[in-house]
Amino acid sequence: MKPILIDFPYEFETERLHIRYPIPGDGTAVHQAIQSSMEELKPWMPFAQSEQTLDDVEANIRESHADFLKRTDLRLLLFNKNSGALIGSSGLHRIDWTLRKFEIGYWIDSRYSGEGYMSEAVSGISDFAFNHLEAKRVEIRCNKNNFRSRKVAERVNFDLEAILRNDSLSIDGKELIDTCVYAKITK
């Protein structure tokens, strides 16, 4: 089976969100969201460790667009259905098409945090994975100390399967961190 031949929707909606794959030109909105959220993203996200130009972000969007079409990584952007504002970025990563296993990653524009958007998005993306991609397993992995990410996983009923001790280095490379592994599986 060649993943590039798998057909599925490039966009879908939840109650408040329009969720779609990135397209050229999305870099401006994503750059603005990153800029407004740097302090909140910096402890957790590698891309937030240095200033990114608009061209850097647009190039990343175009690479994400190509990866989506090749089915190697399925980045998704989250937009408010009513206003059209970019809420955040998510997607299905570390894909194993043979096992139909995916990992959901996510970050939110700080201006929209605390309103339940990310929980809604993660719930919608996991439903998308199970219903359209025939997922057998969907994971969320996060730093044990990233309590906001952990709350999202718990709110949408992912099971905490493990805490991997000394699993990786912190973003600044100065200490070992523990990683929480949450999962949903088909029953």
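Tutor: Start with one definition: a residue is buried under 20% relative accessible area, exposed over 50%, and partly exposed in between. Keep in mind that this is a predicted model.

Now the rings. The structure holds eleven aromatic pairs. Take the pair of Phe8 and Tyr10, whose ring centres lie 6.5 Å apart. Tyr10 has 28% relative accessibility, so Tyr10 counts as partly exposed. Phe8 has 9%, so Phe8 counts as buried. For a second pair, go to Tyr112 and Tyr117. Their planes stand at 80 degrees, so this pair is edge-to-face. The centres of these two rings are 6.3 Å apart. Tyr112 is partly exposed, because its relative accessibility is 21%. Tyr117 is buried, because its value is 8%.

Pairs can also join up. Phe8 and Tyr10 belong to a cluster linked by ring pairs.

Next, look at the charges over the rings. Phe8 has the charged end of Arg71 over its ring, 4.1 Å from the centre. Tyr117 has Arg16 over its face, at 4.1 Å from the ring centre.

Stay with Arg71 for a moment. Arg71 lies in the loop between α2 and β3. With 3% relative accessibility, Arg71 counts as buried. Now check its backbone. Most residues other than glycine have a negative phi. Arg71 is not a glycine, yet its phi is positive, about 70 degrees. Asn157 is another such case, with a positive phi of about 65 degrees. Asn157 sits in the loop between α4 and β7. Its relative accessibility is 57%, so Asn157 counts as exposed.

Now widen the view to the open spaces. The largest pocket has a volume of about 1000 Å³. Its lining takes 37 residues. Nearest its centre are Trp44, Met45, Pro46, Arg94 and Gly105. Several elements give two or more residues to this lining, among them α1, α2, β4 and β5. By class, the lining has 16 nonpolar, 13 polar and eight charged residues.

The second largest pocket holds about 440 Å³ of space. Its lining has 20 residues, and Ile108, Ser113, Arg148, Ser149 and Val152 lie nearest its centre. Two or more lining residues come from each of α1, β5, α3 and α4. The largest share is from α4, with four residues. Nine of the lining residues are nonpolar, seven polar and four charged.

An unreviewed UniProt entry annotates residues 28–177 as "domain: N-acetyltransferase". Over that stretch the chain is 37% helix and 31% strand. The end C-alpha atoms of the stretch are 33 Å apart.

Definitions and conventions
Residues are numbered from 1 along each chain as its sequence is written. This is a predicted model: local features need pLDDT of at least 70, side-chain atom pairs count only at pLDDT 80 or more; totals for chains, interfaces and linings use all residues. Side-chain values use heavy atoms; hydrogens and water are left out. UniProt positions are given in the numbering used here, feature names are shortened, and annotations may be inferred rather than shown by experiment. Rings of Phe, Tyr and Trp (its six-membered ring) pair if their centres lie within 6.5 Å; planes under 30 degrees apart count as stacked, over 60 as edge-to-face and the rest as tilted. Buried means under 20% relative accessible area, exposed over 50%, partly exposed in between (1.4 Å probe, protein chains only). A charge sits over a ring if NZ of Lys or CZ of Arg is within 6 Å of the ring centre and within 35 degrees of the ring normal. On a 1 Å grid over the protein atoms alone, a cavity is a set of points where a 1.4 Å probe fits but cannot get out, and a pocket is an open set with protein on both sides within 12 Å along at least five of seven lines; lining residues have an atom within 4 Å of a point. Grid points are joined across faces, edges and corners, and a volume is the space filled by probe spheres set on the points. Ala, Val, Leu, Ile, Met, Phe, Trp, Tyr, Cys and Pro count as nonpolar, Asp, Glu, Lys and Arg as charged, and the others, Gly among them, as polar.
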